[in-house]
Amino acid sequence: MARSKAASKKQQKQQQKRGVDFKKIKRKLGRKLPPPKNATNTEVKSKAIVLPEQSVASEKAGLAVSKKGLTLKELLQQTSHHNSKVRRDALMGLKDLFQKYPAELRSHRYAVIEKLRERIGDDDKVVRETLYQLLKTVVFPGCKEDNQGPFVSLMVAYIFNAMTHLAVDVRLMAFKFFDLVVQYYPPSFSLYADKVLQNYEDILRKNQFYLEDKAKLRSALAGLVRCLSLLPCNKRKVDSSEENMAGQKILHAFELDMPAESSGFSSITKKLKDLVPVLVNCFQDFFPSVHHMPLLDAQSFDCMHSILQSIDLVVGFFGYGIHQGKPASQLSYEGPDEAIWDHTISSLLLKKLFGVFPLNPTNHLSEKVDDRFFILNIVITEIFLRCSEWICPPGFLLEKFLQYIENALLGSTCSDSRSGKAVWEKHILLLLPFIPKLVLQVASDWKSCLLQAFTKIFEGCNPQSSLKLACLSAIEEMLIPGDDMVYPDASDPLFEYQITWIRALPQLLILLGDKHPSSSQVVLHLLLRLGQCANSSSPFSREYENMQYSLDKFYSSCVDRGDVYYGPFIRLSWDSQELAICGLYYFSNLGPFLLKSIAFCCLCSELEHLVLFRIIEVLHSAFSAGHIQIADYISFFMTLLSRFKVLPENIYPDVESDAKISNRGTFKLLTNTVCSCLSRIGDDSLVFQILEQVIFDQLLLKPPLDNACALLRVLVVLDCKPTRLSEQGIITLSKYLSGYLFEVVHCIPEDDEENSLPTHQQTCCYYMLPCFFLFDRSPKLLKLVLNLMGSLITESSSSPSSHSYTQYGNDNSNQINAVVSALLLMHKDTKVRKIISSFKEEVVHILQIIHSLQSSDSENMNFEERHKIQCAYSRLKLVTCMLPNEVPAS
Amino acid sequence: MELLIASSSVADAGIGCWDLESGAEQLRYKSCASPPHGLACVGQRFLASSQLREQPSASSGSILYWSWSKPQVEVKSLPAEPIKPIAANSHGTYIAGGGQSGDIYMWEVASGRLLKKWHAHYRAVTCLVFSQDGSFLISGSEDGCVRIWSLLTVFEECESQRASHLYLHSFTGHTLRITDIVIGYGGVSATIVSASEDRTCKVWSLLKGRLLRNIVFPSVIDAIALDPAEHVFYAGSRDGSIYIAALNAESPSTSSYGMHIIGSLSDHSKAVTCLAYSTGDLLISGSEDGMVRVWDPITHNIVRMFRLAKGPVNNILVVRRPLYLNLGSFSNPHTSSRRHGSQLPPPLDKYVTSADEDVDNKGVIRLPSLYNAPRDASYISHRTIDNHLKELQQQGSSAATEMEVERLKHECNRTLQMVQQWKKMYENLHEFCVNELLDGDQVDGSKRNAV
C-alpha cells in the first residue's frame, strides 16, 4: 500500500510547462496586471516525504528478527518508547530474538547493554520485571564466558542510580538487579562494595517500608546475604583453594605483593561496622510481628533469617580479619579504632540480640512455626559462637547458650516430623564446626554433656549424609593433637569419647562401601592422620593397633570353603586406595590377620596391578621400619607367588583377545618385585634358610607352571654360586625339577624347532632359566635330575599310568620325546652344555635305555610311536656324539 | 679440589674418601655404620657420623668423630636416645640430631654442650637439613611431615613461649616417611624440595609456606640433589634410575615418565640411595650395590665409579679439600697426627645443662680462622674473650673517631675531585651540542640551497 501511494505522488509531480510559442510581451516595469478574476491557480505544492524502512522487506532478508519481524535495532529503539507496553513488548522481543540467535547477542552485547541499562530505573513495574527476566535468562548466561568486567561496569552505574530513586519499588528492584550481577560476576561485589553497602544501609534505615513490602525486602536481603557470603570468613577455605592451585602454575611466577582479594575488602571494614547496628535494629523491628501475630509468616521469617545470616557473615569476616591480622598484618584492622568497634558492636549484639535469645513462639501452633524459630535460634547461636572467639561473654549468657546448644544437638528443640528432621539436619550442620573449640573452652561438666550429645549425633546420623562429614571433620580436629602436640590424659572426659570415635571409624568405612567415594576418602584420610600421630607415646596407639582386626573386612574376608568376600577397597578410586595403603605403614605391628586379607585382595584379578605394586612397596617400607615380622612378611610373598592365578593358563594364547587379557606380564613383574624385596631384606643366606623349606613345601603341592617358575626364581635370587641348598633339599628339588622340565617341554609346541620364533625362544628361556642357574650352582642336582629322567622312562614303560607326570604322555613315546626335548634344550645353552658334558655317562645311560626300549617291546608299539622313538633316539645320539667333541670332558 | 666422601650401613666398609678430580682413594675411616643422612662434615674440620645400633636391644646409639688425618674413631658421644639423621651448619658451629622419638637435639660443637632439645615430630625424625645461611633447620619425619624451624625462634625463650607453635611452617602434604629434603639458595625465599615414600616429590616455598608443585614419580624417591642453578632437580629412585624433574618452566606433559619429569639417567641395576652435586658440575650417586657413580649430567654418561662396600652406600658428601690436608699427611698419618695432635672438640653432652653452671670451664666458639691456620689456640676459655671485649670497649673509642675523621677527609677530597670531573664533562657536552646544532644548520642551509 505504501508503495502505491508513493507512486501516485510521483505522478502528480508535474512541471508547469511554459509555452514556447508565445512571445514574451514587454511590459512596463513596476506594473503588473492584476490576474483575471476567473483565473485558476495551477500551482502545485509538493514536499518529499521520507518514510524510513517502509519498503525493506528485501533488506530484512539476511537479518535476525524477532517473532514480530522486528530487527535488533528496531527493538532497541523501542525500549525507550514512551508507552510502557511498547517497551515491555520490545524487551520480550529482545528475549525472543536472542534465544533464536545467540550470536546476535554476542556481537552486539555492549550496544544492547547500553540500551537496556536505561530501563533499570524504569517507572513501570512490569517493564522492570521483564528486564530482570531478560537479563537473568538470556543476557547474562549468554555473556558468561566473555570478559565481564567492562560489561558489568556499564550496568552498575545505572543500578546505583536506581538504588537512590525516589520510588521505593525501584530501589528495591535495583538491589535485585545487583544481586543478579553478583551472581554472574562475583568480583563485582568487591569492586563496588563500598557503594552497595552504603545503599543497603540507607534503605534498611528507612524502616517504614518493610512492613508494607516484605516480599521485595526479602529479595533485597537475600542479595545482601549473597554479597556478604563473598567476604573471606573461613581461613581453611582460602587455604584449600590455594592448595588446589599448586601444580598447575609456573613455579616462580611473578605475584603481586598484596593478594587482590583482601585488598578489595580491607577498605570496607568501616562500612560493615556501620551496617551491623542497622541490621540489628531492623531485626528488632520485626519483633512485634513475632510476638503479637499468632504465627510467623513466611516472608517475615525469611527477612529475619536473611538479616541474621548477614550479621553472621559480617561477624565471621571480622573474626577472619583478626586471625589474619596476627601473623602478617596484611589487612588494615589494626587501626586505632579496632577497640572501639569491638566494644560497640559486641555490646550491641549482647544487648539487643543475645539478650532476646532464645526466640520462642508465644503459642505452639504448628510444627512449621517451631522449625522456623529453631532456624532463627540456630543462626543466633552461630553468631554468638563466632563472637565468643574474640569477646568473652558473661557467664550467664554462656550458660544459656550452652544449654540451648546441648538441646539442639540432642534434637529436642525441633519438631519430630520428617520435615522437622530435615530442617534439623540441615541447620545443626552450622553448629558442628564450633564444637571442637567450644569443648576446649568450657568447664568439664559442660564438656561431657556436649561431647555426649555430639557423639550421639555422630553415631545416629546416616553414613553418607553431610552431617556425618561435618562430624568427621570436627572429630579430626579433636583427635589430632594441635600444634602443641599434647595428648589428653585418661582422666579427661574427652579421652573416653575419642576412643569411642576411633572405634567407630573402621565400621563406618565398611558401611560406606564403595558407593560414597568422597566420604570414604575423608574417613581414610582421618585414619591416616591418626596413624601418623599414633606413636608409641600416644594414648591412641593401642586403639590404632587394634583397628587392624576390624579393618580386615575393608580389604577382604575369607568365608568358609575358600570363598573370598572382597571388601570395598578393591572398587575405590585410586586416591582412596593410596590413602588406605599408606595407613598400613603406621601400624607398629602389622599382624598376619590383616596381611592375610590384604593378600587376598592382591590376588583378586580386579585389582589394578599398579595398586598391587604400591601395596608391596609400602609393605616393604613398613617391614624395613620394623613394623612387620619377618615370618609374616615372607609368608605374604609366598602366598602371592603361589596363589596368583595367571590367566590364560595356556602359555601361547591362540587368540588375540586372550593375549590382551593375559596377566602373565603382571605376574612376571610381580616375581621380579618380590625377588628384589626379598633380596633387600638383608642377609641372603639366612633368608634362604628360612625360605628353602617353605618353597619346597609349595612346590610339592604342584602349583601351575608359572607359579612354580616364580618360586624357583626366588630360590635362585637368594642362592649363590656354590649352592646354599642342603643335601636333603637337593634331593627333594631334583625330584621336582625332573617333572618341571617335562611340563615346560610339554607346554612348548612341538614345532618349536622349525619355527623358532624369537618370542617362543624367550618364553622357553624364561621357564628354563632358573633350572639352569640351579644346575650351574649345583652339578649334583643335574646329575640327580638326569638319573631320575632315565628311571622315569623305564618306570613309565613298565607301568604307564602309575607316575603322576604322565598326564601329558599317555604313552612311552611322548615320555621319551619329552626327555629328549628337555635334554636338547639344556644342550642349547652354552653354559649348561659345559656342565652336561661332565655328565656324559648319565646322558649315554638315557640313550641306552631308549635304545633298549626300542628294541625290547617294539611289538607293543604301533608304527607311529616307533617312529617317534626312533627320531628321539637319533636326535639324542647326535647330541651325545657332539658332547665330548665340543668340550673335553672335565 | 674436592673430596668425595661416602659411607655405608655396613660396618666394615667404613667411610671412603676419594679425590674427585684424580679419582685417587684417600684414607678410609674405619668402623662406621651410618644410617641415611647420618654423615656430616663439620665445618670442614672433621667428620661426624651417627651410628646404627649394633643390637636392637641397645638403648642408645652413638655419634662418632674422625679427624681428617686418622682412620680411627677419635671421639665417641652417647646421646640420650638413638640419633639417626645429623646435620651441621656450614661453619660447623652446631650439630643437630634427630631422635627416634621425634625430638631434635642441638649441640654446640666447640663445647659439646646440648643447647636445646625439643619435641618436633610425632614419629622418628628421618632427615635434617640446614639452610644455606644456617638460619633455618628443616626436618622431615616418618609421619610424612616436613617442618621448618627458625633457629631464632627456637632459641629465644620469650619468642617461643608467645607463639602457639615453635615451627615456622609445617607441611603435611606427604602421606608416608620423608626420605630426603634439599633446600636451594636464596635465604628466606628459597625453595625446598622434599621426597617421600609416597612416590612424590613436593616443591615448597619457604617464604609463603605453601606447596608450589607436586611431582609424582614412577617409583619411590630416596634421594634428591638440586642443580646449582635450580632449573632442575635430580631424584634417585628405587627402580635404579635418576629422574630429572623441572623446577621452573612449564614442562610439556608428553614426557613418558609423568608430569614435570623431563628425563632420566639410568645405569644402576639397584636402587639409588643417595645423591650429591659437586661444584665441578658432576652428579654423584650412591647405590644399593655399594658403588658410587660419578655422572656428567649434561651427557648423561658415567665419568667414574668407585667401589665402597658390599652393602648399600647411604651417604655421600662432597667437600672442599681442607688446605692443610695434603697428600703427604694421608700417606703418613703418624707424622701428621703428631704434628696436629688431637684437635677434636669434646664429646656431645647427653642432657641439657643449665646455662651458667659450667660455662667457665667449657670452650667457646673459635673466632673464624683459616683452615690451614695452626690450631693450637683453638680452645680458648670465654674469659679471654671477655678480656678482649673489655679492651676493645675502652681503647677502641678514640681510635675509632680518629679513623672516622680520616675517612671523612678522604671522602671530601674525593668528592671535590668528582665535582671537577663532572664540570668538565658538562662543558664538553655543551660544546659538543653547540657544534652539532651549528653543523646541522649549515647542512640545512646547504640543502635548501641545493633545492
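Buried residues are those under 20% relative accessible area, exposed ones are over 50%, and partly exposed ones fall in between (1.4 Å probe, protein chains only). The model is predicted, with local features needing pLDDT of at least 70, side-chain atom pairs counting only at pLDDT 80 or more, and totals for chains, interfaces and linings using all residues. Residues are numbered from 1 along each chain as its sequence is written, chains are lettered from A in the order in which they are written, and side-chain values use heavy atoms, without hydrogens and water.

Across all chains, 26 salt bridges were found (side-chain nitrogen of Lys or Arg within 4 Å of a carboxyl oxygen of Asp or Glu). A:Arg664 pairs with A:Asp706 at 3.1 Å between the closest N and O atoms. A:Arg664 lies in helix H31 and A:Asp706 in helix H33, so the bridge ties together parts 42 residues apart in sequence. Both residues are buried.

In chain B, B:Arg177 and B:Glu197 form a salt bridge (3.3 Å, N to O). B:Glu197 counts as buried because its relative accessibility is 3%. B:Arg177, at 23%, counts as partly exposed. B:Arg293 and B:Asp289 also meet in a salt bridge (3.4 Å, N to O); both are buried. A salt-bridge network links A:Glu578, A:Arg614, A:Glu617 and B:Arg199.

Conventions: Helices (H or I, at least four residues) and strands (E, at least two) are DSSP runs, numbered from the N terminus.
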